[in-house]
Amino acid sequence: MAGTTKTEKIRQKELSQPDTFQKAGTEASDWLAQRQKIIGLAAGVLILGGVGVAIASEVSKRGEEKAAMALGQALSLLDRPVEGVQPAQPGDTEKPFANVTERDQELVKALDAFRKEHGGTRSAATAALTEGNAQFRLGNYPGAQAAFGEFLKGAAQNDPLRAEAFEGQGYALEAEGKFDDAIKAFEQMNAASGTFLVGMGDYHKARMLILLGKKEEAAQVLSKLTTAHPNTAAARQAGERLAVLASEGVKVPAPEAPAAPAAAPAPAAE
């Protein structure tokens, strides 16, 4: 902006005093010289900025590596033996947990501390998913929902584990008797599944509809599921549910015929 002001002054002098053109030219030369210095400084700033980005990237990489190592240490609690469930092995030096509840309590404590220290890292998001499962097992359903939500906020949109997090939220809402909200979570699970847990969102949705007394609607969802995702675990479980509903007198719709493959395009006329 300073260069523009100086140029305007030069132009005004040329218009009012044509005989001072040479002096104005000298001033313009001085301005250009100063401008070159500014450009040089700007280039230096850009170079330093590039170095700064590289340094920040390296620091971020090291932070992720440090977080991954710390997460591994926190998750080592899952390897400790549990009396009556996971017997101690020869050479184990750590005291076994008295029960699964004690293990999950220690796991939640460790993962919560880890996420506070390493917030914003990919490992912190992974820790939230594991913590959500532990909170669910402990019966802390609001805590489980919050942890699964933290995972979903930090995980990439194409992360296949998003389906597991939505499933966990649905289970926690179901445990609280919030069946309508659970359906919404299971619908999101279905959208996020891809090839992981395929069809299970619809299966869980049908379960909730049954709990809400909407058995015929549930039967329609299950019937479509068996056709849309044949030869999957979800389809097998859906078939079992349909058999139970039929035995209860619920009208089960016939499975829809699979969509015919698209016809091959006709060859272009020569």
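H5 and H6 run roughly antiparallel to each other (angles over 145 degrees count as such), because their axes cross at roughly 160°. The axes, lines fitted to C-alpha atoms over the stretch in contact, come within 9 Å. H5 passes H6 in a left-handed crossing, meaning that the near helix is turned anticlockwise from the far one by less than a right angle. Helices here are DSSP runs (H or I, at least four residues) numbered from the N terminus.

The model is predicted: local features need pLDDT of at least 70, side-chain atom pairs count only at pLDDT 80 or more, and totals for chains, interfaces and linings use all residues. Residues are numbered from 1 along each chain as its sequence is written, and side-chain values use heavy atoms, without hydrogens and water.

Contact means heavy atoms within 4.5 Å. The residues that meet are as follows.

| Helix | Range | Contact residues |
|---|---|---|
| H5 | residues 141–154 | Tyr141, Ala144, Gln145, Phe148, Gly149, Phe151, Leu152 |
| H6 | residues 162–175 | Arg162, Ala165, Phe166, Gly168, Gln169, Ala172, Leu173, Ala175 |

Ten of these residues are nonpolar, four polar and one charged, with Gly counted as polar.

A nonpolar core is a set of buried (under 20% relative accessible area) nonpolar residues joined through side-chain atoms within 4.5 Å. The largest has 34 residues, and Phe151 and Ala165 are among those touching the most other members. H8 gives the most to this core, with six residues. A second, separate core of 13 residues includes Leu71 and Phe97.

Terms used:
Helix = DSSP H or I, 4+ residues; strand = E, 2+ residues; numbered from the N terminus. Axes fitted to C-alpha atoms, helices over the stretch in contact; angles between N-to-C directions. Parallel < 35°, antiparallel > 145°, perpendicular 65-115°, else oblique. Buried < 20%, exposed > 50% of the residue type's maximum accessible area, 1.4 Å probe, protein only.
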